[in-house]
Amino acid sequence: MVLLAENRAAWAALCHLISAAHAHPDSPPLLAWADLERHATGLTALLGPASEPIQALGAGHPDQAVALLAPWREIFGPRLRLEAAYYDPRGTGPGSLPLAARTLNLAADQGIEAVLAGAVRYAEPDQAPVADVLDSARRLTRIDPRHTDRGERWLKPPSAMAAVAEHIARAAGQDASHLLAATGRCAEQLRLDPEGDLGIGQVHFPEPQLVGASPATAARMLATRCRAAMAARGYDHDPAMLRRLEEELAVIEHFGYPAYFLTVAQIVDDTRRLGIRVAARGSAAGSLVVHLLGIATANPVQHGLLMERFLSPRRTTLPDIDIDVESARRLEVYRAIFDRFGPERVATVAMPETYRIRNAIRDTATALGLDPAETGRLAKAFPHIRAKDARTALAELPELRTVAARYARHTRLWDLVEALDGLPRSIAMHPCGVLLSDHTLMDRTPVVPSSGEHLAMAQFDKDDVEDLGLLKLDVLGVRMQSAMAHAVAEIHRTTGRLVDLDDPRQVMPEDSAALELIRSTRTLGCFQIESPGQRDLIGRFQPTTLHDLVVDISLFRPGPVAADMVRPFITARHGLRRPHYPHPDLVPVLKETYGVVVWHEQVIRIIAQLTGCDRAMADEARRALADAAHQAQVREWFTTQARTRGYRQAVIQQTWRVLEAFGAYGFCKAHAVAFAVPTYQSAWLKAHHPAAFYAGILTHDPGMYPKRLLLADARRHGITILPLDINRSCADYRIEPLDPHHPDHGYGLRLALADLYGIHASEIARITAGQPFTSLTDLWQRARPSRPTVERLAQLGALDPLTPGLTRRDTLQHIARLDHRPRVHAAQLTVPGTDTGPRTVSSLPDLTDREKLHAELRLLRMDACRHLMTEYRPLLDELRALPASRLTDQADGATVLVAGVKAAIQTPPIRSGRRVIFTTLDDSTGVIDCAFFPDSQHDHARTVFDAWLLLVRGTVSRRGGRAVSVVGLACWDLTALSRARRDGGSEAVRRILEAPTSARPIIPAGSQAPRRLWHASPGSPG
């Protein structure tokens, strides 16, 4: 069945019907007759080959078909149509010519108009095999040759559809012109006006009454709140601030946006009342009104931010206020929004998940009948790239040589994989988009419950909702916000101190300890500044203020890096070159960045200064710079206006070159300010409360590195790692005073139960609710954990407090005996403390240190008791490998051997366009950042990607300040070298290291345009 709307009311009815059909998320879409009767007004129904009446007709039961048409005719009357569709030359089933002819005759007999339908599934005829793969993926089966698509369900041109109509009409003994005319009339009747019927171009804010105002008083209420905040913050005696406020309020009222700003402020207030951290991000941070409403923390005037970058009298697009909240509590914020404004005004946004290389390989290989295990290995061999780049990756990536040799000839496989690129695979709830509207929202968008959360989700994606004029608020869950909230909670739990990270009296903006930690580059775990590239930039930059962090975050973007803006900035900052300004009038604009244009706000000011236009017009010109089609027009206007104001041609040309280049790499300073605040806050926590900081980031995992590296970093910062303990460990990481009587002796970090492999949330809940336990039997009976969970806890030593005098092997033996006895019911439980459990003397040898370490790696995925690299220290000492702690002592260009556990690997885009593999190693004394350029990748890329423990030979690269890294020339699998040493001694290792290689570049620099085959590990937020 197809339902089509003919006007605005019918569009609303269609939205309600789709919502009703999807009301039950755990069952297929199903529309009740009662809903259809309630919302049928203005809708036209098309019954096609898959409908019950036409199926009955195809089965040879015309009388039954007529009977089944009766309820449809009763509801839709003259707006009922029958579809005549011919796309399958086989048999007499759906899409066949005989059934299409019978449908046409049935329509004539019953006085129902028939229309021609193409049953379109794809745009071009050669895409039929792709449709077969998608069908196979939906059914989770291989392609059945008997039921493949025949290639006729493509979007045919009018001439081809006229030919189809001729075939159907001839088979039915009718005139094709009647069928085509009826189809044209139907289409014309159902033509919708995008503005009048769909509401495109209109905006519907929640009613002002929901935030304590009315349409007549919203602007006054907004102004009153802002002026009160001005007085409370001490801004009311600053003429520039007062003037800025009045200008912003005038623009907001001009567009009719006061209710929108009050709505977002209400959401932020509600979020804070729930005790959830919240902060603004994006260009909205440039608005003083947003700051005064408490949405943004930073004062935009102090940071030189511009309202025009966010909203100006010349901007026609909706303002976009984005807020960050704790990721662990994001859904609480969503539910608070639904509760505040009502389900008729709120919906989340849909997000289509499209095919990339790995899913495309899995679904295509399954459809073609490949072995599932082989399919999984093949998919995982590829980096996270676009599906359309499959063959390019096979040809160019050294680590895929083996895969290419085996699978490159599977032409059909790769044809289909690449054809799937970018096609929708599934639909999910957008990670941050929330729609807000008045009470008519459900008249303008259908909704479906999201999977899992069962929140109303609009069936439009983020681009669609903006086109439809639906107001979207981005509520982004940020794991670092959760990590910092957890750290603050741990500080309060253990010390009673309430730390407010947003209070400048507590977290001083220029705190020396926090800034020194940042300059040291020991920033693992810190928001935005933990990646190898950022640590390198910070090491060269050496920030001394919060403003320096704003600049650092802005420079570390693909655009500034590609445009070579970093080098001139660093050299000028450290006095190695004089800043260059195109004209003295631009010194005030560019002085803070040493003559380098970094931000959109600077471009706006430059254009306004040289042309004399207002900042609103300057922002429009800035936006046009990013569009090559408009650059010539902007240049002519800019040149004419600047010449009129008396600037020399040389100054105009030089300035224009800067502006023209900026269109490709600019960054919004308001974004950077919004990012710099949590960046600084996380560094402050690490400097002043390191144990709580690590508890937060290990619990909420906000960054790009595995937990084992963060645990190693905690050790390097002097934090004692406390093992899993059945009576002390909780679901999350917690801190404990090392000496309960002397808290000033420091805090240790207790491992979390949630990190135990295979443990269920319900088991964790029972264990934490039952603590403390007095014996193994007590744990077994009251917490009722599964045997695998208890055995894993025993292997990790978490049960040692319950089994004094016993080895871990003894404990495992007792667990086996407990498992053979029935558990008692709750009413039969012994009083805690009366059953002390096994007291036998140890009879089995304990696990060795090596076995304990490997148990941790297997069950916790981290080395908690000691660092993994201690296992390889004798070998590394023999090889004279350099520890990370001594790397900063080496001269630039020195050849070194370094080794460590691979913590991250990335191939991000770089300025030269070459593919460079960056990897971070951890050797217990610190981290080592290595870079492998194309000339070393042919022989070593596969080892870099596949091995977990690496030995690297390379040269030291010092780039100024504290920035130091290693340029990899060769690498080896450290575990293989260790086996060689065990089996053949040091000589065997020496032979491996001295074996010749035939290194050669895979993609010579400049020989071809670089392809974006970037293979990245999970990246830092932002």
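User: Which residue of S2 does Leu4 stand opposite?

Analyst: Leu4 faces Thr44 in S2. This is a predicted model, where local features need pLDDT of at least 70, side-chain atom pairs count only at pLDDT 80 or more, and totals for chains, interfaces and linings use all residues. Residues are numbered from 1 along each chain as its sequence is written, and side-chain values use heavy atoms, without hydrogens and water.

User: How do strands S1 and S2 run?

Analyst: Strands are DSSP runs of E with at least two residues, and helices are runs of H or I with at least four, numbered from the N terminus. Two strands pair if DSSP finds at least two bridges between them. Here S1 (residues 2–5) and S2 run antiparallel, joined by four bridges.

User: And what is the sense of pairing between S2 and S3?

Analyst: Parallel, over three bridges; Leu46 has Arg81 in S3 as its bridge partner. S3 (residues 80–85) also pairs with S4 in the parallel sense, over five bridges, and Ala85 stands opposite Ala117 in S4.

User: Why is S2 described as largely enclosed?

Analyst: Buried means under 20% relative accessible area, exposed over 50%, and partly exposed in between (1.4 Å probe, protein chains only). Five of the five residues of S2 (residues 43–47) are buried, so the rest of the structure largely encloses this strand.

User: Which way do the S2 side chains point?

Analyst: In a regular strand, side chains alternate between the two faces of the sheet. In S2, Leu43, Ala45 and Leu47 point one way, Thr44 and Leu46 the other, and all are buried.

User: How many residues of S4 are buried?

Analyst: Four of the five in S4 (residues 113–117), a mostly covered strand.
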